[in-house]
Amino acid sequence: MLTLLNLLSAVALLVWGTHIVRTGIMRVYGADLRRVLSRSVERKPMAFLAGIGVTALVQSSNATTLLVTSFVAQNLVSLTPALVVVLGADVGTAIMARILTFDLSWLSPLFIFFGVVFFLSRKQTRAGQMGRAAIGLGLILLALQLIVAAAKPITQAAGLQVLFSTLTGDVMLDALLGAVFAIISYSSLAAVLITATLTAADVISFKVALCLVIGANLGSGLLAMINASGSNAAGKRVALGSLLFKLIGSLAILPLVNYIADILDKMPVDDEELVIFFHVFYNLIRCLIMVPFAEPMARLCRRMISDEPETDVHLRPKHLDRSALDTPALALANAARETLRIGDVVEHMMESFNKVVHGELREERAVRRLDDDVDVLYTAIKLYLARMPKEDLAEEDSRRWAEVIEMALNLEQAGDIIERMCADVAVKSLNARRAFSPEGLEELNTLQEQVLNNLRLSLSVFLSKDIPSARRLRRSKHRFRILIRRFSHAHVERLHQKNVQSIETSSLHLGLLGDMKRLNSLFCAVAYTVLDQPDDERDED
């Protein structure tokens, strides 16, 4: 029992080491990797090579598939080149399996020691994240040693030998068991390596080993489908295409397993090595053959998974890609894009408020619905940012994190203010049949137009961090305050002149002026955030 536990813990350590490598590489080069993928999809050979290269860096074809899936889900990449990248990723992970079987045990303590030193001493820097990746590589190499060591006594157990002796003859059953094992271990790499170890110990026959390897590849496709279950229809098509490619490859080669096993068994190479080489060349040949069929597969996937109809009238988050959370720069960019959507909704609320002021009472219900959309998007952004490990963020990313959450909060508060303004106008003016004076209505129109302009400028400043625009926004805030003061004095003067309409709507009018002032302050707050950033960043801008 203890031996089996040691084997399971070694497999878990392998999966964890892969996760750490992926996290470190994605935090340092994540934005560059996505840029490479996005630029390589125009031509199939480059897309295929990009899939191999990225997978070699992040040590996981699943990670590359998640990247591509997020691209397709956000309509940044079409389905056909995405499938080509995924085929390249399958080859990349097979090549890495071969590299990791070399005797690199001396590198494990070296990677772990220097990785820990760099990570703990410079945690929030690029060197610190590279230290994290080095720790992961060290753990992967250590886990491979532990897997081999733990598997040897297991292979000598009589009960296990009897169990594995039943895996003879039924290629479909053997492949299915390989797929199940890959899913349980959450790594086709672990499944292939253990299969090679069992083959070297003569616990399973060479033919059974080949079936298990084929099944492990199929299991990685099922894992991709599981990981994409939370994505939209476009993202699910990538995982489905990858699974279908692997399924077709499995069905094509399984009938030939006996013939292939007889040919390979005659080669003067150890069975353990042959299993690994078969894994590499099977994926290489399969993927090269499948590349020309990427477009037909994309069409098939579109027919099998249709676009989901929009049944909900409320907005839902579009850009909060969970797979990007390991890459702070990308996750923050996604949160910023979603924050801009809140800005668009608030802009619609301001336009609807203007219609309410002019007597269109039905727009007040539209404002309430839009405010619900603002609350939904704000909550999603808040929870998305909360999932980011803020203590591990670099200083620049930490500042951007604060900027995004502050902007989202200001827009959410602005939505609440606009909703209350509409309710006040509806109750105190329209329902009470009290109209604003022509002068007061003109003042409200002027303020509303100025607030809208400042909102649009603030969203631009938030996105671009442009210093001249931030200064212009700050000046607009001061001019707006002067305008508010002038309009307040003008209203008091109308009261002094005993203007009946001004008297009837006085409290409402002054309240709206105060609300407009608060709205403008919320919109213009981003200018101070940009202008207060360090001098070195301002120089770069």
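# Exercises on a predicted model

In this predicted model, the largest nonpolar core has 69 residues, and those that touch the most other members are Val346, Phe353, Leu385, Ile418 and Leu519.

## Exercise 1: The cores

Task: Find which elements give two or more residues to this core, and which residues are in contact with Ile418 when its neighbours within four places in sequence are left aside.

Solution. 
- Step 1. Two or more residues come from each of helix 15 (328–357), helix 16, helix 17 (395–430), helix 18 (438–464), helix 19 and helix 21 (506–531).
- Step 2. With 14 residues, helix 15 gives the most to this core.
- Step 3. Once the neighbours within four places in sequence are set aside, Ile418 is in contact with Val346, Met349, Met350, Phe353, Val367 and Leu519.
- Step 4. There is also a second, separate core of 45 residues, which includes Val11, Ile25, Leu144 and Tyr282.

## Exercise 2: The span of helix 19

Task: Work out what span helix 19 (residues 467–496) should have, and compare it with the distance between its end C-alpha atoms.

Solution. 
- Step 1. The expected span is 1.5 Å times one less than the number of residues.
- Step 2. Helix 19 has 30 residues, so it should span 44 Å.
- Step 3. Buried residues in helix 19 include Ile467, Leu473, Phe480, Phe487 and Arg494.
- Step 4. Just after helix 19, Lys498 has a positive phi of about 60 degrees.

## Exercise 3: Salt bridges and exposure

Task: For the salt bridges Glu295 to Arg299, Glu360 to Arg362 and Glu364 to Arg368, decide whether each residue is buried, partly exposed or exposed.

Solution. 
- Step 1. Side chains of opposite charge can pair when their charged atoms come close.
- Step 2. The cut-offs are under 20% relative accessible area for buried and over 50% for exposed, with partly exposed in between.
- Step 3. Glu295 and Arg299 are both in helix 14, 4 residues apart, or about one turn of the helix. Their salt bridge is 3.5 Å, N to O. Glu295 has a relative accessible area of 30%, so it is partly exposed; Arg299, at 40%, is also partly exposed.
- Step 4. The salt bridge of Glu360 and Arg362 is 3.8 Å, N to O. Glu360 is partly exposed because its relative accessible area is 29%, whereas Arg362 is exposed because its value is 55%.
- Step 5. The side chains of Glu364 and Arg368 meet at 2.6 Å, N to O. Both residues lie in helix 16 (residues 363–386), 4 residues apart, so about one helical turn separates them. Glu364 is buried because its relative accessibility is 12%; Arg368 is partly exposed because its value is 35%.
- Step 6. Elsewhere, salt bridges that share partners join Asp90, Lys246 and Arg286 into one network. The count for the model comes to 13 salt bridges.

## Exercise 4: Asp373

Task: Decide whether Asp373 is buried or exposed, and give its distance from Arg316 in sequence and in space.

Solution. 
- Step 1. Asp373 is in helix 16.
- Step 2. Its relative accessibility is 4%, so Asp373 counts as buried.
- Step 3. Asp373 and Arg316 are 57 residues apart in sequence, and their C-alpha atoms are 7.8 Å apart in space.

## Exercise 5: A surface patch

Solution.

Note on methods:
Residues are numbered from 1 along each chain as its sequence is written. This is a predicted model: local features need pLDDT of at least 70, side-chain atom pairs count only at pLDDT 80 or more; totals for chains, interfaces and linings use all residues. Side-chain values use heavy atoms; hydrogens and water are left out. Buried means under 20% relative accessible area, exposed over 50%, partly exposed in between (1.4 Å probe, protein chains only). A salt bridge is a side-chain nitrogen of Lys or Arg within 4 Å of a carboxyl oxygen of Asp or Glu. A nonpolar core is a set of buried Ala, Val, Leu, Ile, Met, Phe, Trp, Tyr and Cys residues joined through side-chain atoms within 4.5 Å. Contact means heavy atoms within 4.5 Å.
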